Amino acid sequence: MATRMKLKLKTVFVLYFMVSLMGLIYALMQLGQRCDCAEHDMPKDRTISRLRGELHRLQEQMRKAEPTKLPHKLAVKPAQPTIYIITPTYTRFVQKAELTRLAQTFLHVPQLHWILVEDSPHKTPLVSGFLASSGLAYTHLHTPTPRDRKLQEGDPSWLKPRGAEQRNEGLRWLREDRRGQPGADTQLGVVYFADDDNTYSLQLFEEMRGTQRVSVWPVGLVGGMRYERPVVEGGKVVRFHTGWRPSRPFPLDMAGFAVSLKLVIANQDACFDGDAPMGFLESSFLQGLVTMDELEPKAENCTKVLVWHTRTEKPKMKREEALQKQGLGSDTAVECVRQPVLHQACECQRDGVGVFFFFFFLL
Amino acid sequence: MPKRRDILAIVLIVLPWTLLITVWHQSAIAPLLAIRKDDGADRGRREAGQSSDSKEYCSSDKDIVEVVRTEYVYTRPPPWSDGLPTIHIITPTYSRPVQKAELTRLANTFLHVANLHWILVEDSQRRTPLVTRMLRETGLNYTHLNVETPRNYKLRADTRDPRIPRGTMQRNLALRWLRETFNSNSSQAGIVYFADDDNTYSLELFEEMRSTRKVSVWPVAFVGGLRYESPKVNAAGKVYGWKTVFDPHRPFAIDMAGFAINLRLILFKPQAYFKLRGVKGGYQESSLLRELVTLNDLEPKASNCTKILVWHTRTEKPVLVNEGKKGFTDPNVEI
């Protein structure tokens, strides 16, 4: 009788062990799979789509109410500071393409004035024609870079600072223009130096609009790193997170700061030093304007990347380019840095079951 | 006594198991039923391996449901007019440092275009959070799909090119999605355009392609080792050749960004896809177009193919030397 009981218990345990082992294996297999969280996501999705629908209905009503030429532009508030964008540009193959997609971004931003300065002794018809049909408020300037400061064919792009003369010309025009229109309201504005090959998100412009002195934010794909950024503690910038020469007075990229118009006008002599050593161009301008603790951090205390220092390839004017564009050239071989795929956090029962099985197995 | 103890032990063991099984049974059966779907009609068109195919099919199935339920019904940003044909833009994309930047400026362009539907297909095993979040924030009308190109694709040594041209599987998946979502009888007018995520498009281009009846073509800048490649148009307004240096005798010597197809034609010829393997350099576009049209049917746009409205720009790979081996910057900050 006792042995039979013992035997039965033994078989039960053996069975138990086998089942929990199988369950563990199954759960482990399931762990890598996608979760089916439909039951959890659906009510959330429904609320989101309902709210989105309401939002769009309201937006459409607003659009119908105000007869504007470009219906997607936001309603212009009279006292909203104007963003003055100073962009140096120069003639090369991709110039029109760069300016085209830049204009497409700027068209979304209300109260924007584009100051485009060509590196040329005279205005080129390409840029003139382009600006006229862009639909933006603009000022077309030009100033040539002196030959000794100009990059020669074959020089690496970082050899000499570029665009200094053009940005200074933009500043000069702005100061002169504001002098001709005195009044507190006309001093309201923000100046941003936007290169024609970078990529800007629309949120960036709203972040910079409230600049009182100089505001700063992270810039992606610059300084040999994924991003460079000011380090913020207690709402103030304490140092800069950069991999290259962090001892510079202002180790940030041209695209990483904006200056209030008031400050630009108050400091008539502040400009870019074309003879500054590599990487010191921004510092040469900002040094006289502001100290580090006066900087205003934007982009959620400098934790979000809203602008990227992209660069466009020079198109190879050789026939072999055709093979490259098919993706059969070096493109597919280069396994670029991949973003870590964050596993979707999901209140999934399947994962819970796996844990359960594991503990039972341990038992 | 021992009998009772044994019974107690057995009960203590069995009880939680029964609870577990009933609970798990409920949740496990439902999704399994959803995944099982008859793929008989498309069996000949299987591009990926078996297991990955069902997974990607599952994800696209979910997408179809999601799109119909939320995006199409409520999201109509930039102006949407019921009279204009919808432009379906098919963009393959893959993860790399400049991906978010490229998609951001592409979205900034698309936000200007009325009646635009963006079909973004990721080359990945599953849809990445970066792209999912970005698409949602733009407010565009979109469909988010994904299919992974097998990385270590091996072929017999005699075949010249060992790799599948980038983006092919993704574009084919998007075509398949279109064929499953729209039927030929529907009156929904649509145009299909293949837009890579690093090119530059002028807004005029989209208005030019909207009037496509079968397949329309136009010049593209910076391709073929030239300032631009373009179709040759005769006085009667018909395309008779290709103004290009690289293999001008291809059936369609045109870049992916240089043509658009009417949706009706795509639905009418459901077997037309981009050829995956054995495609010579420069012939990928031809592999699709020759199944759809002849040279005579092509409609030249952009003022009889004399204006440049799209540029085949390429973005430099960013230098990330200062990241070092371990990575200097916080990987949780998305770029």
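In this predicted model, the unreviewed UniProt entry places the feature "active site" at Glu285(B). Glu285(B) belongs to helix α8 of chain B, which covers residues 284-289. With a relative accessible area of 2%, Glu285(B) is buried, because the cut-off for that class is under 20%. Its side chain makes a contact of 3.1 Å to the backbone nitrogen of Met256(B).

Tyr94(B) sits in the loop between β1 (86-93) and α3 (99-110) of chain B, and at 17% relative accessibility Tyr94(B) counts as buried. Asp197(B) sits in the loop between β4 and β5 (200-201) of chain B, and at 5% relative accessibility Asp197(B) also counts as buried.

**Aromatic pairs**

Over all chains, the structure holds 22 aromatic pairs. A pair of rings is described by the distance between the centres and the angle between the planes. Two of the pairs are listed here.

| Pair | Centre to centre | Angle between planes | Class |
|---|---|---|---|
| Phe257(A) and Phe285(A) | 6.5 Å | 35 degrees | tilted |
| Phe194(B) and Phe274(B) | 5.1 Å | 75 degrees | edge-to-face |

In chain A, Phe257(A) is part of strand β10 (residues 257-260) and Phe285(A) is part of helix α8 (residues 281-286), so their pair ties together parts that are 28 residues apart in sequence. Both Phe257(A) and Phe285(A) are buried.

In chain B, Phe194(B) is in strand β4 (residues 190-194) and Phe274(B) is in the loop between α7 (263-268) and α8, so this pair ties together parts that are 80 residues apart in sequence. Phe194(B) counts as buried at 1% relative accessibility, and Phe274(B) is buried with a relative accessible area of 1%.

Ring pairs also link a cluster in chain A, made up of Phe106(A), Trp114(A), Phe130(A), Tyr192(A), Tyr200(A), Phe205(A) and Trp217(A).

**Charged side chains**

In chain A, the charged end of Arg92(A) sits over the ring of Tyr90(A), at 4.4 Å from the ring centre. In chain B, Arg179(B) lies over the face of Tyr273(B), and the distance to the ring centre is 4.6 Å.

Arg179(B) is in helix α5 (residues 168-181) of chain B. What is the nearest side chain of opposite charge to Arg179(B), and how far away is it? That side chain is Glu291(B), 7.5 Å away. Arg179(B) is buried and has no salt bridge, because a salt bridge needs a side-chain nitrogen within 4 Å of a carboxyl oxygen. A polar atom of the Arg179(B) side chain does lie 2.9 Å from the backbone oxygen of Ala272(B).

Glu228(A), in strand β8 (residues 227-233) of chain A, is likewise buried without a salt bridge. For Glu228(A), the nearest side chain of opposite charge is Arg248(A), at 4.1 Å, whereas the cut-off for a salt bridge is 4 Å. The side chain of Glu228(A) instead has a polar contact of 2.8 Å with the side chain of Thr242(A).

How values were computed:
Residues are numbered from 1 along each chain as its sequence is written. Chains are lettered from A and ligands numbered from 1 in the order in which they are written. This is a predicted model: local features need pLDDT of at least 70, side-chain atom pairs count only at pLDDT 80 or more; totals for chains, interfaces and linings use all residues. Side-chain values use heavy atoms; hydrogens and water are left out. UniProt positions are given in the numbering used here, feature names are shortened, and annotations may be inferred rather than shown by experiment. Helices (H or I, at least four residues) and strands (E, at least two) are DSSP runs, numbered from the N terminus. Buried means under 20% relative accessible area, exposed over 50%, partly exposed in between (1.4 Å probe, protein chains only). A polar contact is a pair of N or O atoms within 3.5 Å; within protein, one must be able to donate a hydrogen and the other to accept it, and residues adjacent in sequence count only if both atoms are side-chain atoms. Rings of Phe, Tyr and Trp (its six-membered ring) pair if their centres lie within 6.5 Å; planes under 30 degrees apart count as stacked, over 60 as edge-to-face and the rest as tilted. A charge sits over a ring if NZ of Lys or CZ of Arg is within 6 Å of the ring centre and within 35 degrees of the ring normal. Lys and Arg count as positive and Asp and Glu as negative; His and the chain ends are not counted.
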